[in-house]
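Here are a few notes to read alongside the model. Please keep the sequence and the 3D view open as you go through the points.

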Amino acid sequence: MTIVKLGIAALAASIALGGGANALELKAGGTSKLVPTSIQLGIVPPPDNVCPGKGKLTAWVETNKPGTINILLVKKGGAVAGPYPVTTVKGANGIVMGSYTQHLVIDNPIDAEYRVVVAGTPIQSNWVPLIAAC
C-alpha cells in the first residue's frame, strides 16, 4: 500500500515539474499530436491582364506545435491538388505558423475559386477567387 502512495506522489510531482502536461499528453506518452488550428489562402492574380501572366498563391497554416502538415488545394467544382507539405515553426507571441507558396503562370482567361484544406480535419480556408481576363 505504501508503494502505491509513493508511486502516485512521484507521478504527481513529475507532472507538476513537467510543465503541466494534460491528460491527453499523458495518454499519448508525453507528446501531443500535431494539430492544425487555422488555415488561410491568398491569391494574387496577374496585375496587367496580359497572357501569359504571373500570379502567386500563398497558404498560411497555424498548428498547436512545430512540425510538418500536408495541405490540399481544392478548385471549386474541380480537381484537388497535393498534398503539399508545410513546415510550421514557433514565432513571435508563441504563434506556430508555416506557409506554402506557388507561383502561377496564367496562359488563358480564368474565373475560378480555390480553397486550402487539411485532409481528415475540419480545417479549411474560405473560397478565394482567381480572376484574369487576359
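1. Let's start with the largest nonpolar core, which has 22 residues; Ile39, Leu41, Ile43, Leu57, Ile71, Tyr114 and Val116 have the most contacts inside it. At least two residues of this core come from each of strands E1 (36-44), E2 (53-63), E3 (67-75), E5 (96-106), E6 (110-117) and E7 (128-132). A nonpolar core here is a set of buried Ala, Val, Leu, Ile, Met, Phe, Trp, Tyr and Cys residues joined through side-chain atoms within 4.5 Å. Buried means under 20% relative accessible area, exposed over 50%, and partly exposed in between (1.4 Å probe, protein chains only). Strands (E, at least two residues) and helices (H or I, at least four) are DSSP runs numbered from the N terminus.

2. A word on the source: this is a predicted model, in which local features need pLDDT of at least 70 and side-chain atom pairs count only at pLDDT 80 or more, while totals for chains, interfaces and linings use all residues. Residues are numbered from 1 along each chain as its sequence is written, and side-chain values use heavy atoms, with hydrogens and water left out.

3. Leaving aside residues up to four places away in sequence, Ile43 touches Lys56, Leu57, Leu104, Tyr114, Val128, Pro129 and Leu130 (contact means heavy atoms within 4.5 Å).

4. Now the sheet: 7 strands form an open sheet with antiparallel pairing, in the order E1-E2-E5-E4-E3-E6-E7. E1 and E7 are the edge strands, each pairing on one side only. From one strand to the next, the twist averages 25° (axes are lines fitted to C-alpha atoms, for helices over the stretch in contact, and angles run from 0 to 180 degrees between N-to-C directions).

5. Some pairings to check, where two strands pair if DSSP finds at least two bridges between them. E3 and E4 (residues 80-90) are antiparallel over 7 bridges, and Leu73 stands opposite Ala81 in E4. E3 also pairs with E6 in the antiparallel sense, over 4 bridges; there, Val117 in E6 is the bridge partner of Leu72. E6 and E7 pair antiparallel over 5 bridges, with Asp111 opposite Ile131 in E7.

6. Finally, the aromatics: a search of the whole structure finds 1 aromatic pair. The ring centres of Tyr84 and Tyr100 are 4.7 Å apart and their planes lie at 25°, so the pair is stacked. Rings of Phe, Tyr and Trp (its six-membered ring) pair if their centres lie within 6.5 Å; planes under 30 degrees apart count as stacked, over 60 as edge-to-face and the rest as tilted. Tyr84 is in strand E4 and Tyr100 in strand E5, so the pair ties together parts 16 residues apart in sequence. Tyr100 counts as buried, at 16% relative accessibility.
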